[in-house]
Amino acid sequence: MGFEIAKTNSILSKLATSEEHGENSPYFDGWKAYDSDPFHPLKNPNGVIQMGLAENQLCFDLIEDWIKRNPKASICSNEGIKSFKAIANFQDYHGLPEFRRAIAKFIEKTRGGRVRFDPERVVMAGGATGANETIIFCLADPGDAFLVPSPYYPAFNRDLRWRTGVQLLPIHCESSNNFKITSKAVKEAYENAQKSNIKVRGLILTNPSNPLGTTLDKDTLKSLLSFTNQHNIHLVCDEIYAATVFEMPQFVSIAEILDEKEMTYCNKDLVHIVYSLSKDMGLPGFRIGIVYSFNDDVVNCARKMSSFGLVSTQTQYFLAAMLSDEKFVDNFLIESAMRLFKRHKHFTNGLEEVGIKCLKNNAGLFCWMDLRPLLRESTFDSEMSLWRVIINDVKLNVSPGSSFECQEPGWFRVCFANMDDGTVDIALARIRRFVSVEKSGDESSVMEKKQQWKKNNLRLSFSKRMYDESVLSPLSSPIPPSPLVR
């Protein structure tokens, strides 16, 4: 076996054989656990429920209704076939002009119409992953570094580091102030890099935050923009959750800050935005990533690089039609926010009933869940032990905070928008049962608790007689609640 590995390494590149992709982290291990034993209310009622995937599946019915009313939007329909040849042959990496115009208009709407976006600065990429990597290729060389407030999205190690060769330097944020970014922490991270002779190229912000689900206020954004300008480094704002804000305060884009009179001194060439339709519209499979830069050279360079990750013209054509329908877009954004608010409230209320608190958030498709009271001791080893129990016994894929570079053990990200109402209630029932077992007595042994949990978990199985296959839509079809949930 060792000889085979050595042989493989000798014939492949360093990139191909490196471990920098990050696939071996607990974040991706949870996905693998789900893939090997996926929950299904009929076929596998005791399987793992996927709560580690930040997808927005709450508004597919609105998109499906629009498609039925607008068959011409598809070049593969009888009504749209006349456009098939022109769209199938179009391969300009600038993208369809009507697509770029529609995307720019949609970005404006998701920011409340308070700022304008130029279609000529819209650059396509293969999802937010491709957009993030593209902007890093444009701004930095291998060995350079970017500051990133932690906790941050685990796949940034793949998206930003793996092929570019850059470093990510965490700016540590603490629960004592609700993980807010402070000027002191930013300055400290930058100065530590300077002392280590690391060239810092920029600061990367995720706003709204993944995994916190919080938004940055104007004062914080102004302070961070001033800091990056003062040190002549880039500010990259990942704003892919802009339209997932379901409660005040409203989302503020860095583009709005640049428009304010008091910030006119700032060098716009150092500011860049990454966007996507994966979260706001729930279309990750369409691979719509956008680089929007205020720097002409970055726009031109990113456009050349986009040849390696273009969006298909069929997808561009379809979305240009849908996003140009202002009545549909306005209704979609309002309805999406309302549904996210309702789901978030239902889920967090269910957690509070058993004493589980979450960081107060107003955006995103997830909660930052505080399970510190369930740790045997305040260590990351204890966090991982708890996570394994949740994955293997409770059968929920939630993501441990350590995989997000969180410096405090016991925090977990849990997603709530990638399933129907019935599955959410099953997940909440499993959590209630688990917490009741954990609190049943501190003297209980680990094995006794495990056996008690497994015994109780059997009650969460659903009789196949309760279901009709026709009602098991993965979207929003009603699923009869279990006796335990009632």
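Is T228 buried or exposed? I looked up its relative accessible area in this predicted model and found a value of 0%, so T228 is buried.

**Entry 1: T228 and its surroundings**

I placed T228 in helix α10, which spans residues 218–230. I then listed its contacts, leaving aside neighbours within four places in sequence. T228 is in contact with L203, I233, H234, L235 and L270.

**Entry 2: The protein as a whole**

I recorded the overall composition next. The secondary structure comes to 17 helices and 13 strands. Of the 486 residues, 54% count as buried. I also noted the contacts with a separation of 6 or more: residues 24 or more positions apart account for 74% of them.

Strand β3 is joined to β4 by six bridges, and the two strands run parallel. One residue I traced was P149, whose bridge partner in β4 is I171.

In β4, residues 167–172, I selected L168. Its relative accessible area is 9%, so L168 is buried. Not counting residues up to four places away in sequence, L168 touches F146, V148, Y152, F156, N157, L160 and R161. I also compared L168 with D144: they are 24 residues apart in sequence, and their C-alpha atoms are 8.8 Å apart in space.

**Entry 3: Helix α12**

Which residues of helix α12 are buried? In this helix, residues 296–305, I found V298, V299, A302 and R303 to be buried. They cover an arc of only 130 degrees around the axis, which puts them on the same side of α12. The face turned away from this buried side carries the exposed residues D297 and K304. I then looked for the packing partners of the buried residues, and these are β2 (122–126), α7 (127–139), β7 (271–276) and β8 (288–293). At the start of α12, I noted that a side-chain oxygen of N295 comes within 2.9 Å of the backbone nitrogen of D297.

**Entry 4: Helix α13**

I turned to helix α13, residues 313–323, and found it mostly covered, with nine of its eleven residues buried. Among the buried residues are Y317, F318 and L319. The elements that cover the buried residues of α13 include α4 (60–69), α5 (84–89), α6 (97–110), β2, β8 and α14 (326–352).

**Entry 5: Aromatic rings**

How many aromatic pairs does a search of the whole structure find? I recorded 20. One of them is formed by Y292 and F294, with 5.5 Å centre to centre and 80 degrees between the planes, and it is edge-to-face. Both Y292 and F294 are buried. I also found one aromatic cluster formed by Y27, F28, W31, Y152, Y153, F156, F179, W368, F404 and W411. A separate note concerns R111, which lies over the face of Y275 at 5.0 Å from the ring centre.

**Entry 6: An open sheet**

I followed four strands that form an open sheet in the order β9-β10-β13-β12, with antiparallel pairing. β9 (357–358) and β12 (399–400) stand at the edges with a single partner strand each, so one side of each is left without a neighbour in the sheet. Strands β10 (366–370) and β13 (411–415) pair in the antiparallel sense over five bridges. F366 has C415 as its bridge partner in β13.

**Entry 7: Backbone exceptions**

Most residues other than glycine have a negative phi, and most peptide bonds are trans. I therefore searched for departures from this pattern. A cis peptide bond joins S150 and P151, with omega about 10 degrees, and P151 is found in the loop between β3 and α8 (156–162). Another cis peptide bond joins N207 and P208, with omega about 0 degrees; P208 is in the loop between β5 (200–206) and α10.

I also noted positive phi values. Phi of N178 is near 60 degrees, and N178 is in the loop between β4 and α9 (183–195). Its relative accessible area is 45%, so N178 is partly exposed. N197 has a positive phi of about 60 degrees and is in the loop between α9 and β5. With a relative accessible area of 72%, N197 is exposed.

Methods. Residues numbered from 1 in each chain as written. Predicted model: local features only at pLDDT ≥ 70, side-chain atom pairs only at ≥ 80, totals over all residues. Heavy atoms only, no water. Buried < 20%, exposed > 50% of the residue type's maximum accessible area, 1.4 Å probe, protein only. Arc of directions from axis to C-beta. Contact = heavy atoms within 4.5 Å. Polar contact = N/O pair within 3.5 Å; in protein donor to acceptor, adjacent residues only side chain to side chain. Phe/Tyr/Trp six-rings, centres within 6.5 Å; stacked < 30°, edge-to-face > 60°. Lys NZ or Arg CZ within 6 Å of the ring centre and 35° of its normal. Pairing = 2+ DSSP bridges.
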